[in-house]
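User: I've got a model open and I'd like to go through its charged pairs and its greasy surface. Can you take my questions one at a time?

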Amino acid sequence: MEKYDPKSIELRWQGIWEGDGAFTTRDPGGNGKYYVLEMFPYPSGKIHMGHVRNYSIGDVVARFFMMKGKDVLHPMGWDSFGLPAENAAIQHGIHPAEWTRQNIVFMRNQLKRLGFSYDWKREVATCAPEYYRWNQWLFLKFFEKGLAYKKRSSVNWCPGCSTVLANEQVEGGLCWRCDSPVEEKKLDQWFLRITDYAEELLECTQGLTGWPERVLTMQRNWIGKSVGVEVSFPVAGSIEAIRIFTTRPDTIFGVTFVSLAPDHPLVEKITAPQRLEEVREFSLRVLSMTGREAEAEKEGVFTGAYCVNPLTSEKVPVYAANFVLMDYGTGAVMAVPAHDGRDFEFARKYNLPVKVVVSPLDGEPDPAAMQAAYVDDGVMVNSGQFDGMSNTEAMEGIAEFLERRGLGKKGVTYRLRDWGISRQRYWGCPIPVVYCEGCGTVPMPYEDLPVILPEDVLLTGKGLSPLANCPFVNAKCPRCGGKARRETDTMDTFVDSSWYFLRYTSPESKDLPFDKKEAKVWMPVDRYIGGIEHAVMHLLYARFFTKAIRDIGLADISEPFANLLTQGMVCKESMKCPEHGYLFPEEAAGGVCRQCGKAVEVGAVEKMSKSRKNIIDPDRIIETYGADTTRLFSLFAAPPEKDLDWSEEGVEGSYRFLGRVWRLVGENMEALKAAAPYDGYPAITGDGKVAMTGDGYPAMTGDGKVAMTGFLRDIRRITHMTIRKVTQDI
RNA sequence: GCCCGAGUGGCGGAAUCUGGUAGACGCACGGGACUUAAAAUCCCGAGUCCCGAAAGGGACGUGCCGGUUCGAUCCCGGCCUCGGGCACCA
């Protein structure tokens, strides 16, 4: 018998699959469709173990449903715009397009060598004009519907690299590349109005029963809906009024001051002239702080202005305070020190009065002696006609009272902000807009798409958008034919990945981003598999796009992913040499540093990452043990949702297991070849008699058929139990 | 601080949804077979403690405390620990 030789077996079958088009998608027939999708990779250079795990899980699902007779859509592609390509260009002098192309070729071969059941005919790459022209098309549709707009807003600015950074590229207030403190800078930016869909995005989480609860929780928290009341506090001696939002209308009687965000427009208007200098100084100082520093102690300055509590007619001072955020709610808050922790801290610091209006049942606290705000439920006190009510009743009562008098109205506020998609980078999808001297902001006509990203661009990593310095910027206004300047920012790459699952349903579509009929056939994705790190951003954006695309009339689904599986990370202990720092596994063979021979310190088991050098190259494992062992181990070693601890011994165990299967089949090859397909009855031997079963003789059932007994029955039972178990698990 | 999730042998983990022989499978470990020897492979053993020369037998065991039940790793309540997410959100 031949030895188990994974390489020759795998290459032979991979060749046969490819030759037969075994994984080419069929049009769904009577058995129904199944769309299984794994999050497509960024083509960074090589496949890593996280990819192997992700795609092995997906392959199991795909093959399972293929074997059940479903028509399966199982595509793969490349999230191929992004900053690493630009960094490679700057560091190695290779063009981002070429670097990306080479990486895709290499990684595609790696995936093929792993034997995954992808329909490569449907491959997409987001950096291809045939793909990103539809990004631009969707952008124009969004623009028409008012879902895309431009406004001035703050961005993370790194003075060291003189470039804008994404939020993910700011680590602890510092630039991820050069460690410069990140500054806030105001720039004109394009936004997508995701907040229009806040309520629906929240509401629909109820129906996503196939999603992990924690992902839904994270999305709900991110959307952050608050129900409350918007109330106006007129400014004393002025026609202005301060609009505040509160979720605690029951505590309005306890307001002892009002706080404004330092950049609230009213600050300038109402501050007393003699305090103006101090207030401006404070605002400037607070606003120049970065995210991390701003978490410092609560601080504020008195504006010299007073406003009037609409319920009590009391005059209360107005402060500018560092903990009030302009871009949440109305940028102004009423302060109730007795019942809000932040206001309490602030009031104690500046000796402001504390007024109790909700009393615990065991007695009203003394404001002077309180150590902390009382934030729980209780009975209303010092609140006029509402005294004696429970505060939960008063909440509703006061809200209605204010509405009747026209002093306020019930309202809802979300934490979710609109999605800023402008990136001052080269390697991304151009935003299809020009600025005409005469006509202003003009969208490109649909028939002029795509706006092609030019190839001859000088990349230095300095300055604003690289596209601003090349002929690309000069355009003709599509409306008046006059001179115009092209938009030089590109789109956030999350835009690319917000609809790629729709493109897979008809990757050749020439007239629309995707074919409506095909999308109707295949969507939604029945099982979506990827890392938990995308729990909020990508998955929320994709949900938003699906709803917006529905409202454009292109699709009739509201949610893209029926079931979501978030797989755990692949982890391994790190190795550290006292002299040479982190070591790759092969540099620490035998527990000593290969360079200096010092004993290696074994670190904690953590996510595989290049910086800790605790990585395993899938190629090496495939070369040594074969793709099947690599895949088997990454499935077997831990449940899909949980982290997987890498273990070379475990890999060997998987390899031995496959060796045993190979021998078991090989040694019984003759018997297996002779066996007839199983028809549910005991085997008939060559002479036409019923074969002997484990315990001697076959038994007869009531209808005269031969029943299965003993050993045979056990085998059949185990077979069926296994089928049931596998079906349930998958 | 708030919100999720998880705690089972030396290790990764089964069983938990649907309460009914806890510890499947794998790793590591020990013993044996094969071999001149080794590798590879195969077989056997093993939760912990106690009694016994052995065959066997007994007690205790799923983070801790309590509840429901004939019966709880599983259901309920309270705590502890670890992991993750969010965090001045008014």
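User: Is lysine 269 buried or exposed?
Analyst: This is a predicted model, where local features need pLDDT of at least 70, side-chain atom pairs count only at pLDDT 80 or more, and totals for chains, interfaces and linings use all residues. Burial goes by relative accessible area: under 20% is buried, over 50% exposed, and partly exposed in between (1.4 Å probe, protein chains only). Lysine 269 comes out at 58%, so the label is exposed.

User: Which residue does lysine 269 meet in a salt bridge?
Analyst: A salt bridge here is a side-chain nitrogen of Lys or Arg within 4 Å of a carboxyl oxygen of Asp or Glu. The N to O distance for this pair is 3.8 Å. Lysine 269 sits in helix α8 (residues 265-270) and its partner in the loop between β10 (225-234) and β11 (241-246), so the pair ties together parts 29 residues apart in sequence. That partner, partly exposed at 23%, is glutamate 240.

User: How far apart in sequence are the parts that glutamate 18 and lysine 112 tie together?
Analyst: Their side chains meet in a salt bridge at 3.7 Å, N to O. Helices (H or I, at least four residues) and strands (E, at least two) are DSSP runs, numbered from the N terminus. Glutamate 18 lies in helix α1 (residues 6-20) and lysine 112 in helix α4 (residues 96-113), so the separation is 94 residues.

User: What is the relative accessibility of aspartate 59?
Analyst: Aspartate 59 pairs with arginine 63 in a salt bridge of 2.7 Å, N to O. The two are 4 residues apart in helix α2 (residues 49-67), about one helical turn. Arginine 63 is buried at 18%, and aspartate 59 also counts as buried, at 0%.

User: How many salt bridges does the structure hold?
Analyst: Some charged residues are linked in a network, among them Glu200, Arg543 and Asp551. For the structure, the count is 35.

User: Which helix gives the most to the nonpolar patch?
Analyst: Patches take residues with over 30% relative accessible area and no salt bridge, joining like charges within 9 Å and nonpolar side chains (Val, Leu, Ile, Met, Phe, Trp, Tyr) within 5 Å. Phe657, Val661, Leu664, Val665 and Met669 form this one, with about 420 Å² of accessible area together (Shrake-Rupley method, 1.4 Å probe; for residues, only the protein chains shown count as cover). Valine 665 is partly exposed at 37%. The top contributor, with 4 residues, is helix α18 (residues 648-667).

User: How are residues numbered?
Analyst: Side-chain values use heavy atoms, without hydrogens or water, chains are lettered from A and ligands numbered from 1 in the order written, and residues are numbered along each chain as its sequence is written, from 1.
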